[in-house]
Amino acid sequence: MKMYLSFPFILFISLFCFKCDSNNALPTGTIAPNFTLNDLEGNEIKLARYRDRNVILFFIGRSDNNSTIQLAKNIEDERDFFLQSNFVPICISSERPEFLMSFSNKYNLSFEILSDITKHTQQSYGIEEGLGSSRISYIIDKKGIIRDVLDNNDANELRDEVHQAVIKLEKGN
């Protein structure tokens, strides 16, 4: 008896069973690739600008996605924690700046959101966009070294993992 697999079944298997994970992420201990991207006002922002501060680099999906909205709200809610810990949260999205500006204004976001329309920065960090891909975030120290890689699609779990990573870096572990 021959078995034929339908296209929807194959698509389901490829998206959910073989989804992207942190295997493509840059390893800890490596220098974070520098980038130059535009912020929401069109100003060029370089990662090197933050070499004297710790950075949490979040790669976010579409701004109308519930997971992205929750992550953004969590980052904003943790503003004081980031400031006290000398961390700068930066979000990078492949969306156009005007969409990101609307998103930022709608949720009163005060952190840096950068547009990577060409997706070159995302690619340099091993981020693969698309259905089933994971949300990878990087903890980068003051010297520009990747100290931790977080791979979690759940915004609330990611918030807890970020807290642990920040405390770990503060303790020098």
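The model is predicted, so I took local features at pLDDT of at least 70 and side-chain atom pairs at pLDDT 80 or more, while totals for chains, interfaces and linings use all residues. Numbering runs from 1 along each chain as its sequence is written, and side-chain values use heavy atoms, with hydrogens and water left out.

**Entry 1, cavities.** I looked up cavities, meaning sets of points on a 1 Å grid over the protein atoms alone where a 1.4 Å probe fits but cannot get out. I listed its lining (residues with an atom within 4 Å of a point): F58, L71, N74, I75, E78, F82, L158, R159, V162 and H163. Helix 2 (66–77) and helix 6 (155–171) are the elements that give two or more residues to this lining; helices here are DSSP runs of H or I with at least four residues, and strands are E runs of at least two. By class I noted 6 nonpolar, 2 polar and 2 charged; Ala, Val, Leu, Ile, Met, Phe, Trp, Tyr, Cys and Pro count as nonpolar, Asp, Glu, Lys and Arg as charged, and the others, Gly among them, as polar.

I found 6 of the 6 residues of strand 3 (residues 54–59) buried, so the strand is largely enclosed by the rest of the structure. Buried means under 20% relative accessible area (1.4 Å probe, protein chains only). Strand 3 pairs (at least two DSSP bridges) with strand 4 (residues 87–93) in the parallel sense over 6 bridges, L57 having I90 as its bridge partner. With strand 6 (residues 136–140) the sense is antiparallel, over 4 bridges, and F58 stands opposite S137.

I counted 6 aromatic pairs, that is, rings of Phe, Tyr and Trp (its six-membered ring) with centres within 6.5 Å; planes under 30 degrees apart count as stacked, over 60 as edge-to-face and the rest as tilted. F35 and Y125 are edge-to-face, at 6.5 Å centre to centre and 65 degrees between the planes. The pair ties together parts 90 residues apart in sequence, because F35 lies in the loop between helix 1 (7–16) and strand 1 (36–38) and Y125 in the loop between helix 5 (120–124) and strand 6. F35 is buried at 4% relative accessibility, and Y125 at 0%. Ring pairs link F35, F59, Y125 and Y138 into a cluster.

Conventions:
Buried means under 20% relative accessible area, exposed over 50%, partly exposed in between (1.4 Å probe, protein chains only). On a 1 Å grid over the protein atoms alone, a cavity is a set of points where a 1.4 Å probe fits but cannot get out, and a pocket is an open set with protein on both sides within 12 Å along at least five of seven lines; lining residues have an atom within 4 Å of a point.
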